[in-house]
Amino acid sequence: MKIEKWLSSGRCHIHFILFLVSSFCLFAHSLHQSQQPERISGSAGDVLEDDPVGRLKVFVYDLPSKYNTKILRKDPRCLTHMFAAEIFMHRFLLSSPVRTLNPEEADWFYTPVYTTCDLTPSGLPLPFKSPRMMRSAIQLISTNWPYWNRTEGADHFFVVPHDFGACFHYQEEKAIERGILPLLQRATLVQTFGQRNHVCLNEATSITIPPYAPPQKMQAHLIPPATPRSIFVYFRGLFYDVNNDPEGGYYARGARASVWENFKDNPLFDISTEHPATYYEDMQRAIFCLCPLGWAPWSPRLVEGVIFGCIPVIIADDIVLPFADAIPWEEIGVFVNEEDVPKLDTILTSIPAEVILRKQRLLANPAMKQAMLFPQPAQPGDAFHQILNGLARKLPHNKSIYLPPGEKILNWTAGPVGDLKPW
């Protein structure tokens with residue numbers, strides 16, 4: 001719903017009228033300044049534009065095609081879903097200048113396993129074979145190469161973009177029950193899932209990344225940057241998952257249901273379950289884009305909001321966001337506790353216009369947008385390079401990761417019985 005309709009409806013908030021007036025004045029005063037994006041500095045420093053080449057070397061295990069490319073040939077839909085980072089990271093590394101063919105000089109070892117490419121007819125990944133597949137790959141590399149056994153995976157990294165990472169389940173309760181696959185306990189996990197104090201995230205070793213969003217598709221929907229942002233709050237997606245959560249209290253921990261129940265009739269909120277053809281264009285006309293948790297805390301909306309300059313309103317308690325040490329998410333987004341969803345309108349209309357304009361300037365920084373994408377071919381500063389930069393910042397490895405010959409820490413027989421069956 002557009003601002004013009006809100007104003008004519010007679011129902012618009014006085015806060016929002018004041019917001020419009022102050023925004024116009026600030027925009028007129030700061031037009032030149034807003035066209036010059038601010039530099040971005042996270043807790044690791046101003047590192048978004050760092051070049052990882054020369055800072056690390058990665059050895060890519062040459063696995064049989066049944067672990068990766070053969071699976072993809074069977075179902076090419078894996079190339080376009082939000083879990084596709086595991087495929088494109090593999091392709092990127094094969095031709096990256098950080099790749100070394102000499103494992104003796106490698107800082108990191110990468111095992112290309114496509115664990116999310118077992119899809120349902122509707123295109124959702126089934127995680128049930130993933131643990132057996134991953135165990136099989138680790139068994140292979142530990143038998144055919146000596147490098148896994150030196151550290152039991154402490155200098156290895158794996159891309160695991162499932163809903164709850166290497167816990168390999170899409171329902172949180174069952175993911176928690178499973179825990180991280182025991183054989184991956186020492187490895188660095190590159191994953192979309194991130195939540196503090198959660199059994200499915202090892203904060204000390206993991207790298208949290210954005211989900212895959214098709215760069216070319218989004219590029220095709222760009223509109224002129226001077227287009228007015230005439231939508232205050234925008235969201236498209238499920239509020240209830242009737243099929244998997246018929247009682248309505250488990251999905252999104254009730255946060256999405258609360259958004260709908262409280263704001264479905266609010267003229268400031270353009271929210272719906274419908275997904276229009278103009279979805280990307282609408283985000284570019286919005287000031288705030290809601291990014292609530294679903295089954296997992298993360299979603300592609302976060303990427304879409306950044307790319308389209310729509311301030312992400314993050315509703316997911318304790319979420320760990322992509323490249324959090326490089327990107328100051330607190331300065332770019334708005335964080336709302338799940339229990340505070342009923343107060344969303346008051347929270348957002350109370351944000352000063354100058355704060356909104358600064359967030360928009362930060363979002364306009366090309367480095368910020370580039371860091372969210374996995375483009376083909378790769379480009380400097382993109383998500384591929386942010387992953388490598390994250391790995392480089394973990395170097396040098398502590399000498400304690402190297403085990404005495406023959407010593408074992410990991411339990412190869414731990415985990416659910418079904419995981420131990422051959423793949």
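Q: Which residues of α16 are buried?
A: In this predicted model, the buried residues of α16 are A383, F384, H385, Q386, I387, L388, N389, G390, L391 and A392. Buried here means under 20% relative accessible area.

Q: What makes helix α16 largely enclosed by the rest of the structure?
A: Helix α16 covers residues 383–393, and ten of its eleven residues are buried, so the rest of the structure largely encloses it.

Q: What caps the N-terminal end of α16?
A: D382 does, with a side-chain oxygen 3.1 Å from the backbone nitrogen of F384.

Q: Why is the aromatic pair of F59 and F109 called edge-to-face?
A: Ring centres must lie within 6.5 Å to pair, and planes over 60 degrees apart count as edge-to-face. F59 is in strand β1 and F109 in strand β2, 50 residues apart. Both F59 and F109 are buried.

Q: Why is the pair of Y234 and Y279 called tilted?
A: Planes under 30 degrees apart count as stacked and those over 60 as edge-to-face, the rest being tilted. Y234 and Y279 have 40° between the planes, so the pair is tilted.

Q: What does the pair of Y234 and Y279 tie together?
A: Y234 lies in strand β6 and Y279 in helix α10, so the pair ties together parts 45 residues apart in sequence.

How values were computed. Residues are numbered from 1 along each chain as its sequence is written. This is a predicted model: local features need pLDDT of at least 70, side-chain atom pairs count only at pLDDT 80 or more; totals for chains, interfaces and linings use all residues. Side-chain values use heavy atoms; hydrogens and water are left out. Buried means under 20% relative accessible area, exposed over 50%, partly exposed in between (1.4 Å probe, protein chains only). Helices (H or I, at least four residues) and strands (E, at least two) are DSSP runs, numbered from the N terminus. A polar contact is a pair of N or O atoms within 3.5 Å; within protein, one must be able to donate a hydrogen and the other to accept it, and residues adjacent in sequence count only if both atoms are side-chain atoms. Rings of Phe, Tyr and Trp (its six-membered ring) pair if their centres lie within 6.5 Å; planes under 30 degrees apart count as stacked, over 60 as edge-to-face and the rest as tilted.
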